[in-house]
Each structure stands twice: as C-alpha cells, then as structure tokens.
Amino acid sequence: MEIGLNHYLVLSTILFAIGLVGVMRRKNLLMLFFATEILLNSVNISFAAISHYYGDLTGQMFAFFVIAIAASEVAVGLGLLIVWHKKHNNIDLDSMSTMRG
Amino acid sequence: MLDHILSILIFFPALAAVFGFAVNKNSIRSYGVAVATIEFVLALWLWFAFDSNVSGMQFMEHIPLVKTFGINYIVGVDGISLFIIILSAFFTMIGIASLGEIKDIKNMIVTLLFLQMTMAGVFAALDAIVFYLFWELSLVPMLYIIGAWGGPLRIYASVKFFLYTFTGSLVMLVGMLFMAYFYYQATGEWSFAILDWYRLILPESFQLWLFAAFFMGFAIKVPMFPFHTWLPYAHGQAPTIGSVILAAILLKMGTYAFIRFSLPLFPDASVYFMYPIAVLAIIMIIYTAMVAYAQKDIKQVVAYSSVSHMGVIILGTFALNVEGITGSIFLMIAHGVVSGALFFLVGVIYDRRHTKYMSEFGGLASVMPRYATIFGIMLMASVGLPLTINFVGEFLSLLGFYKQSHILTLLAGTAIIVGAIYMLAAYKKMFFGVITKEENRNLPDVNKRELIALIPLTIITIWLGVYPKVLLGPINTSVEAVVGMMHEKSLTQEAKSRIPNVTKDVEVVTNLAENPAENSQEEAH
Amino acid sequence: MFEAIAFYLFAFLTISMFYIAVTTSQALYALSALAAGMIFISAFFFILGADFLGAVQIVVYSGAVMALYAFGMMFFDTTREIKEKQGNKAIVLGLSILSAILVGAIVAAPIVGNNIEALYPMVEGAGNTQEVGMVLFTKYLVPFEVAAVMLLVAMIAGIVLAGKKMDLSLTLMSEAEILMMKEEDKNKKALS
Amino acid sequence: MELFLYTALFSPLVGSLFAAFFGASKKTKIAGIVPSALLGISLISSFILLISVLTTKETVHVEMMTWMAAGDLYIPFGFVVDQVSVTMMMVVTLVSTVVHVYAIGYMDHDKGFNRFFSYLSAFVFSMMVLVMSDNFAGLFIGWEGVGLCSWLLIGFWYHKESATWAANEAFIMNRIADLGMLIGIFLVYWNTGTLQYEQAFAAMPSLEIDVLTWIGIFLFIGAMGKSAQFPLHTWLADAMEGPTPVSALIHAATMVTAGVYLVVRASPLYDLIPSVGLFIASLGAFVALFAASMALVNRDMKRVIAYSTLSQLGYMFAAAGLGAYWVALFHLMAHAFFKALLFLGAGNVMHAMDSELDPFKMGGLRKVMKGTFVMMTLASVALAGIFPLAGFFSKDLILEVAFVENHYIIYSVLLFTAGLTAFYSFRLVALIFHGEERYKLFGIHPHEAYKFMLIAMSPLLLLAIIAGSFKMTYFEMVTQLLPATEYHVHSSLTYWIMTIGTQLFVGLAILYAYKKYTSRDIKVPDGTSKMENSFGYKLLINQYYIPRFYEEYIVKAYRELSDIFWTKIDQKIVDATVDGIANVFYQTGERTRVMQSGNLSTMLKWMVAGTVTLLSLAVAFGLAARYSGEIKTFLSGLGV
C-alpha cells in the first residue's frame, strides 16, 4: 500500500473542495479569508507532492512563493477589513453591495 | 505644397477644429466659414492640378506606419474619388455658412470640421487600415451631431446608427485582415495597400467569402435593403446639417467602397453576386419609393427617397461596364447635391414651423414663392428630369445595367415612375392647394443665409445637368482602368464575358489562382 | 507502511480541521481549527521531504498569519453571531467538488501522461534546505526579490490601512466634505 | 443658317427666362409682350429655314457641344433642321406665337400672368428641342421638358385641387410611357452603338427582326404616353383643368403630337417592322372611334374638344402605322391649326361665360360673339373634313391610305368616326351658338373677347382654310426624307364614290346634329331624361369607367400597398428584426445584471461557476485533441 502521487492529488482536491465550499457559503469576511487560506494550502500540498515524486524543486519553489503571497494577502486584507469594520461596524458580506450593477 | 495637398486637405480641418476650441464664441461662425472656405479652395486647387488624362492615382503620399505588417499611410486620388472629396469640402463649407441659430454652435462647427477630416480621409486613403480608421472615425462626429442636436428620439436614433454601421464595418475589418493574410501567403510580405491588393488574383471561392465580408460593411453604410432601417431614424432625428452631410457624403462611402474595393479585388465574385445584388437594388428602389409615398413627414420622404436613389447607384455599379460605373459615380455626386439640397429645404421649413408633417402645410406656393421654386427645381432633379444633374447619372447607370439584364433594368427603370409619384404627391401636399393653417399665412420666404446654401446647389444642379462632361471626363478615364483591370483579373468564363474588355495595359503580378490547392493546404496547417 | 499510516492520519486530521473551519459558526473555533489544520499540513511537507517548506509553513501560517488573524479578531465583535443566510447548498457543494475534480484532472493530466521532466533535479546528498537555497538564490533570485518587495509593500499597506483615520471614507464622502477636510488639514499645518 | 437655327431654338428660352425674371413680382404686360415678340423672331427664323430647306433641299445640321460621354457612349447637343423637323418647327412656332399673343388678353386678369408666360415659353423651348434634336437623347430631353411644362401649366391654378391632381396624373402617366421610351433608347444604343438618328437608322436594317420589334414597341410605348393613346389616355381629358391657351397649345397642337412625330421620325425603323406598324394603325383606329364616342355625350366643352383631339391623334397614328408617314405629318399640321383655333374659340366662350363649361347652359351666343362664332364654325367644318378646308385634304387622305392598303376594317372604323366627329363638333357649335339663350337663366352677361385676341387667332383661321392647298408642295418637300408613297385609288370611279360618299355622310351627320341641338326643347339635362339613364349614355359619360377603374384598382391599391409596406413590412418586419437582434443583447444584459447584485457571496459563486465552465472546456478540448484520431474513426464508422 504505497502512497503515490495520486493520493496526494486526491487529498489536495478534497481540501480544495472544502476551501471552495467555504468561499461560497461563508458570509463573514474573516471566515472568507480562512477559506482562501485553505485553497492556497491545498494547492501547496500538490506542489510539494509533485516536486517530491519528480525530483524537481520547482514545485517547492512555487509553494514557497504561494506562502509569501498568502502572507501579504493576509496583511493587506486584514487592514482593509479593519477599515471596513471601523466604518460600518460589521463585516457581513451581504452588507457590501456598493458594486451593485 | 502640391505634393502634400491631400494630407493638408485631410488634416487641416482637424487642426483648425482643435484651434477652434480656443476661438471666441462670437467669432466662431466666421472662423468656421473661413476654415471651410480655405478647405474648399484647396479642394478646387486639387481639381485644377489634377491631370484628367491619367487613370491612376495622383498626389500619392507614402509614410510607413507599422512596417512589420505593411501598414502605411498612403493617400491618393483618382477620377473616382476626386469629386467626392470636392463635394464633401463644398458641403462642409455651405453647411457651416448656412448654419442657423442653434445651441452650442461652437461645438457644432468643431464637430463639422472634424467630420470633414474623416470624410476627406476615407476618400483619399489607399491603405485598408487607414481607410478603416477614417471610416470608423466618421461615425463619431455624426453620432455626436445626432445625439446632441437631434429631435426627441435622438438617443435611440444615434445609438442605432452607430451600432448598426459599426457592426457592419467590423465584419469588413475581418475581411480586410483576411485579405492582408492572403497577400502575405502569396508574396511573403504583409501589405494593406490597396494598390498592392489590386495585383492579387484570388481563387473564386476566396473571392466569394471576402466579397461577402466587405459587402456587409458597405451594404449597411449605403444602406441597402434590408439594412436600411437605421437611416430614416437617423435622418428623422438629425438636425438639418446632420441630415445634409449624412445624405450627401456619408452614404457615398458605401458605394464608393464598392467601386474601390469590391469590384477590382473580386471581379469574379462581383459577377457571381451581380444578380442577387441587382435584385436587392431593385427592391430598394421600388419598395422604399413606395414606403416614401406612405410617409407623412416630409423629411422621411426625402430620407426614403435617398435610399431609393442609392439603389440606382448600386445598380449602376454592378453594371460592371464603363457606362454603368461612370454613371453610378456621377450619380453619387448628383444625389449628394440633390438630396443635400432637399434636406436643406426641409430644414428651412422646419426652422419656421417646427414641424415636418406635410398635413401641417399646404398652399405654401403662394406664401413662399422663391422657396417653392427652388424646391420645385430640386424636386425635378430628384425625379430625374433631363438637364438636371440626376438624370445624367441615372441614365448612364440604367443604360449600363441594360447590357447585363433587360428585365431587371425595366424593373429598375420604374424608379422614374415611383420617384415621380411620391415626390409629386409630397409637393402637392405641401405647396399646392389653398392655405388651410393660419400659421402658414405669414411665413417669411427664404432668407439670405439659406440662399447661400441653396443658390449654389441650384446652379450646380443645372450646370452639371447641362454640361456633365467636366466630371464625366476624369471619372471615365479612371473607370476604364478599373474595368480593364477587372477584365484582366477575372478567372471565370462568365466574368470574362460579363465585364467588357477595355484594352488598357494592366500589370498583374502574383497569382494565387494557379495553385489554389496548395494554398488551401497551407491554410489548414 | 509507516508513511501510509502517517498520510492517512494526517489526511483525516486536516480534512476534519478544515471542515470545522468552514462550517462552524464560532469564529474562535474556526480560527483554532484552521491553525491546527495548517500545522497538520506541514506534516505532509515533512513526509514529502520538503523540510524547509514544512518549517516555513509552521512559522508563517501558524505563527504570523494566525497571530495576525487573532489580533484582527480582537477588533471585531466575535461574540456576535453573523447570520449566514444560505442559498442552495447543493449548488455550493456541487460546484466546489466539480471544480476541484477538474483542477485535479488538469494538474494530473501531464503526470498521467508521464511527459514532464525535472527542470531542477534534486541534488544528491544535499539537505533539503541547501537545495532550496541553491535554487532560490540562483534560478529564482529575481522572483524572490520581487516577493520580498511585495511583502514589504503589503506590510506598509497593512499598517497604513489599519492605522488611518478610520472614521472617514473618501469614497463615500461628497466632494464638498472632502474639500472641507482638506481645508482643515491646511489650517492645522498653518497653525503648527 | 446656323444662326437662324440657334435663334429659332433659343429665343423662346430667352423669353422664358425674361418672364421668369418677373416671376415673383406683380403682373406686368411686358412679361407677356417680350416672350411673344421673341417667339415671333423664332417664327421668322423657322420660316427662313423652311424657305431655305424648300429651295436648296439641304438640311442644316449642327453640333453645339458634348453632353454626355462615357465609355463608348457619346451624346452631343446636336440639332438638325430637315424637312420633317422644319415642318414641326413651323407648326410649333406659329401656333405658339398665336397662343402667346392670345394669352396676353386671356390671362389679363390673372395674378400669375408673368409666371404663365415663363412656363409657356419654356414649353416652346422644350418642344423645339424635341423636334430639332438629332439624336434620341436630345429628343428625350425635349420629351421630358414638355412633360414638365405640361405639369406646370396644367397645375397652373395650383390652389385648385382638381388642377393639381390632373397635373400629377399627367406627369405620372407620361412617366410610365417615358420608361418605355427610355428602354427603347437603351435598346437602340446597345444594338447600334449610337443614339444619333442617322447612324442608328443606318445600322438598323442589319439587326435581327426581334430586336427591331422590341425597339419599335418600346419607342411606341413612349409615344403612347405623350399622345395619350389607350390605355394611357385618361390624363388628356383631365388636363383641361389648365388655362385654355395651354390646352390649345400643348394639349391640342403640339405636345400631344410629339408621339406622332416620334413615329414619323423613326420611319426607317417602323418600315422594317410592318407588324408593329399594323398594331399602331389598329390602335390608332380604335382610339379614334373610342375617343369620338366619349365626345358624343360629354357636357364639358373643353373635354369634348380634348376627346376630339384624341380621336384625331388616332387618325394620325393610323396613317403612320400604315406607312403613310407624310400623310400623318400633314394631318398633324392641319389638325394643329384648326384644333388650336377651336380651343382658342372655346377660350373666348369661357371668358364670356364666366368660366362656364357646360354647353347646355349656353345657346344663342352667336348674337353676342360674332367673330368667335365664325371662327369656331369654320374650325369645326375643317375638323369635320368638308371640302375645301384643311381637314378635307388631310383626313380624306388617311381614309384613302387605309383603303389603298387594303385594311378595310380600319377604313370603315375611320369612316364611321369621321361621321361621329362631324356630329359632336356641330353638336357643340349648335349648343353654344344656336338655339335658345339659355345662359340668361343663370344671369350671365356674355361679351366678345378683345379684338386683338381675335386678330391673333386669324392666322390660324386662314391656315385652317387654306392649308390643304399646300399639299403638293409639302409632299415634295417631306418625301425627300420620308417614303414617298402616293396613295391613289386605282379607279377614278371608286375615288369619286368614296370622296363624295364621305362628304355626304359627314354632311348628314352635321345636319342631324344641327337639327337635334338647335331645337327649342333643349333643356339643361338634370339626369331624368330617358337617354341619360340608358346604359350606353352612362358608359360614355363615365368614360367607359376607365378612370374609375384606375382610381379603384391602381391608385388606391398603390396607396394601400405603400401603407402596408411602411407600417407592416418596414416597421414590423425589417426594423423589428434589427431591433430584435439588439434586444437579444439588451435582454441578455438585463437578465445577467442580476449576477452583479453587489453581493460578494453571490458573485463568488458565479466566479466559481465560471471557473468550472472554463476548466471543463479545457478538459474537453484536451481530451478531444488527444483522442482526435479515435474520434475521427468513430465518426467515419457512423457514416458522418
């Protein structure tokens, strides 16, 4: 019962699905951020796995950059979130409708 | 200066328009007239310097723009485009000079000058991309004129005008890109220069598709039945000056482009599509004439009559012989003058009564005799009476097409009957009878400013009707070259027999035709 | 065998943690579950021999990111329930699973086809951190620096956004209000 | 000679422009006198040309300038004065000079005096172009020019609805025929390569008979319109709405005979196609009878004369169709004189009767209008064809032609029509000038016209009497150009029987008319008498219901069809399709706008959905590309 690349990919897919569920059903902006982190992490797993099974470091490099991006996203996103919260006193997604077309 | 006269003609009004923003509002009118007059004088000078014995392009200018793809700024005139350019300058001049009291007159004059640039550009351009550029640019000022100074439905009308014609020209653009691609396949070089394309012989199957693509763009612009419905709205809503320029010049872009692109590039396809197009043209002539008869609004009558006359122009173009094409080009000028004048005349009465419904008038002949006289002359010109400008064009167009088909010409010839019916009916409703409305009893006759526009048009109408040779000469020379080239280039037996052999030496270099199979294989890759 | 057990164990743990994170209505639970999930993921990295990545994962996510979220949550009223009106759950689930499978399929496609080659093969004998360092500072030097700059920018942005005068919003203010505010600023400067 | 040619041609134009110059200003006599004088000059020039052609037997041919030139087409403004055109020039200038002078008196009280002379002279100019042109295109210029002037003059009193309606009717009917003419011209050009008469006719004998037949038919359609032949005849009677001098000049003497002129001019063509000629002759005979029958009962003085004109045109076509071109032209000339005279006389009567047109309301006018009475009676005698007036020589000749050519049906129709002609002419004379003075019932005080008007009419009177004596001179001149067939009945006995028989027949018709309409019982008909309710009368008075048929089934149908085209097809189908396409886009936008609810959560869902779509496309295409070979074999296995 050797663990192969496919196992990792399946795992990654499951996690990605969970992340998407979060993205779609969460109405709390903070929770939305959480879901995004899950998406990014699920992809990271597949990168690392591919990197491992093919003996190529590029996958790891990508995962590395993804983490960097996730970090900066959190920093900026959270900043915006705080601004929003201070102004409206909530972070409910449904209350944000200035983009109504 | 003569070397660059075309560029000056094209860009001088645009430059002047930019400076126009800085001109004081009170003096903008004289500024506009001055600029337009200079432009017109330049156009006349072009005519003087023009050598009417040369069939090819004159005053050519060539500036590379995008070398890799063979896009160049090439301009030039021949007998086909010369007079339309002069006409456009002329109409801009008298249009500005006779402009009534309207709001934002400054914007209007600037817009008109800008429009003049695009018109001169379209007719002078010899590079497909440059042509396309001006072609599309001309929509913008017109859109603005209709949208800003139009009637109550102006937004609908202007958007319809813009989107409709724009859609057509996009199809045309695709055709142009394909054409350049074929040129690249044949010669290994990119070129959008029309004169380069002329030397290309395309296999018939390609011609048919390309012809159809170009046709979409041109037919909507003309506008041919059944693509004509934007025109009545545009005319109905546009201010007088807008209708005048639209009818006199902008519509001619379509028919001009047929002669500049479709015929010489796709001679076999032209022959192949001759009958369908002729049938469309005949439907256009009769059907729109009948629709015109049903109108209650005098401006709509003139608008639909415009479509009807454009049908004759199309028919002349697709006569594919020297007589017909010469006639259709002459008719473009003629129709420009006459329908322009008619729209001016409608504007005159609209300024006084602010209505265009014929039922509101009646008996005007006794109140406004001069107006009635000029209207009468233009009416007769529109009906195509001999010794007026329209007759020459219509006669030659129909004469030309008679060579191709007897029955269709007979049907198209009903133009002279149905044209008389709606025009006379409209004239009767407006000018004859007794005055029924009190408001009409004291209408002032045409004033000086209106006469500035109307008198020259009347003189041209009769002068060119009596002595059309000044125009026919140069047009004929160039058309002979075109027809000669079409005959040389045509591949099918049918086309060879349909297009008369006018013996002129035409150089044909490349030949995709010899190995169409190979080319289609290449395409598949 | 050991690898298989570890894989399944951690897989189960991550999935359940993340599941809790996206379903729970308590922000605090979600935060904790997410943090735990992140740490479990690093375990996969270790299993796969990407030691450096695993360490980074723990440091960055469980340390920095989670700390940030935790601080962020202090600003918000986490005790207040946010009503989460839900639409059709089937659509949500269906779409998610479908897209996940498609992503998986696309990622897997070249692997199944066996036609990818290692561009930067692992160097034999060197430790993972060394390898990463070698690649990162040779081939990926420029992206690395760009990432560094990006992080810096993000940091500054975070500070500015969170620290700005938070009771004002330029986008929602009318022209006149903004002008007035500017005037006030000028006056203040002049006074000082 | 060229100088005289240009003078004859252009002085009417100068006169027209001169009068037009005063167009908008108040009535001035000078606007009438100058054009009349200029026409006099034109008449003199024409006369000089006539003398020159008569004496030298040489024609004058000039080319003024190029008009159109394109491809192989070359059309100059060329003019020719030959035996045929000089005849026409004489007729045109003479009658128009008389009419001009007459109109100075007739239009004396009209506001549009200046305008009238401008139009009238313009008409003469157009007519001169028509007859003098040396090519078909030039002919067409004149052809349309006279149509225009006819439109202007019929609708001269534009405040009258009936006048403007009649003007438009005339113009449009003529246009229908002009289309035929235009097609004929195209045929001539494409088959002979030129539009010049000489070259075109020279080339014709070598053409196929079918082509020639078509050319002949189409040109004749043109002639039918201008000469108001059946079925395009209705406009002529309605054209009587115009001022009477106009009726005299345009709708009796000159313009309506243009069709005959065309056939005569194209005699080399029609000689080659006798079948078309026979058709023309038959139609002519039919129209002669048809129009005369309508004239029998009509109660409008001018309309009676108009139908008589129509009938006489039928005679001319009968002659021309049978190849007797010179006879047709001779009758044209004679007819122009006495018919113009008749119309001008009718004009006098109208003036006297305050524009009353119903002859039943007149009667006994000979006492107050001696001059007019004499003139109209003589003109009617000439029209009836009594020896030795002009009508006898020309009309009898036509009968002889029909007889000699063995077309006995045409002959008998024409002979019968001659009787009818005599009857209705003298019905009119009797009703107007003889019998009770019925006008008194209506309180009208008739008076004789100005003297100078009568004097102006006298040349016509003279010619109506003596024109017959020019027959031989004329024959010699014209036959240099036209086929010189002399028509003699072989046995002199038959000839005398025919001539005297005709004269007797006509004389009896006249007597019958006199007897019937000079009696004291004549009342203004009120629609109660037995005759008025008979079927035949109703048929005739309603002009065989042809105008009503046109109105109901053509004019109305056209109007309704136009309306349907506009409201139903143009708006509901063509434009609606375009708007429909635009609507599809618009509606799509409107529907999908819901996506942009501004709710981030919804938008995220859409985003995921979009991603799914794109990804599935990627997978699908990836698979298709990968298994393209298998797919192809599979499809070909299915037989696709």
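Colleague: What share of the 640 residues of chain D count as buried?

Modeller: This is a predicted model, in which local features need pLDDT of at least 70 and side-chain atom pairs count only at pLDDT 80 or more, while totals for chains, interfaces and linings use all residues. Residues are numbered from 1 along each chain as its sequence is written, and chains are lettered from A and ligands numbered from 1 in the order in which they are written. A residue is buried if 20 or more other C-beta atoms, placed from the backbone, lie within 10 Å of its own, exposed if 12 or fewer, and partly exposed in between. On that count, the buried share of chain D is 52%.

Colleague: What radius of gyration does chain D have?

Modeller: The C-alpha atoms of chain D fill a box of roughly 110 × 65 × 50 Å along the principal axes. The radius of gyration is taken over C-alpha atoms, and the globule rule is 2.2 Å times the number of residues to the power 0.38. A compact globule of 640 residues would come near 26 Å, whereas chain D has 32 Å.

Colleague: Which helix of chain C gives the largest share of the side that touches chain A?

Modeller: Here 73 residues of chain C are in contact with 61 residues of chain A. Helices (H or I, at least four residues) and strands (E, at least two) are DSSP runs numbered from the N terminus. The elements giving two or more residues to this side of chain C include helix 1 (2-23) and helix 6 (141-163). The largest share, 13 residues, comes from helix 4 of chain C.

Colleague: Is helix 4 of chain B roughly parallel or roughly antiparallel to helix 5 of chain B?

Modeller: Axes are lines fitted to C-alpha atoms, for helices over the stretch in contact, and angles run from 0 to 180 degrees between N-to-C directions. Helix 4 (residues 105-124) and helix 5 (residues 128-137) of chain B pack at about 150°, with axes 8 Å apart. Angles under 35 degrees count as roughly parallel, over 145 as roughly antiparallel, 65 to 115 as roughly perpendicular and the rest as oblique, so helix 4 of chain B is, relative to helix 5 of chain B, roughly antiparallel.

Technical notes
Contact = placed C-beta atoms within 7 Å.
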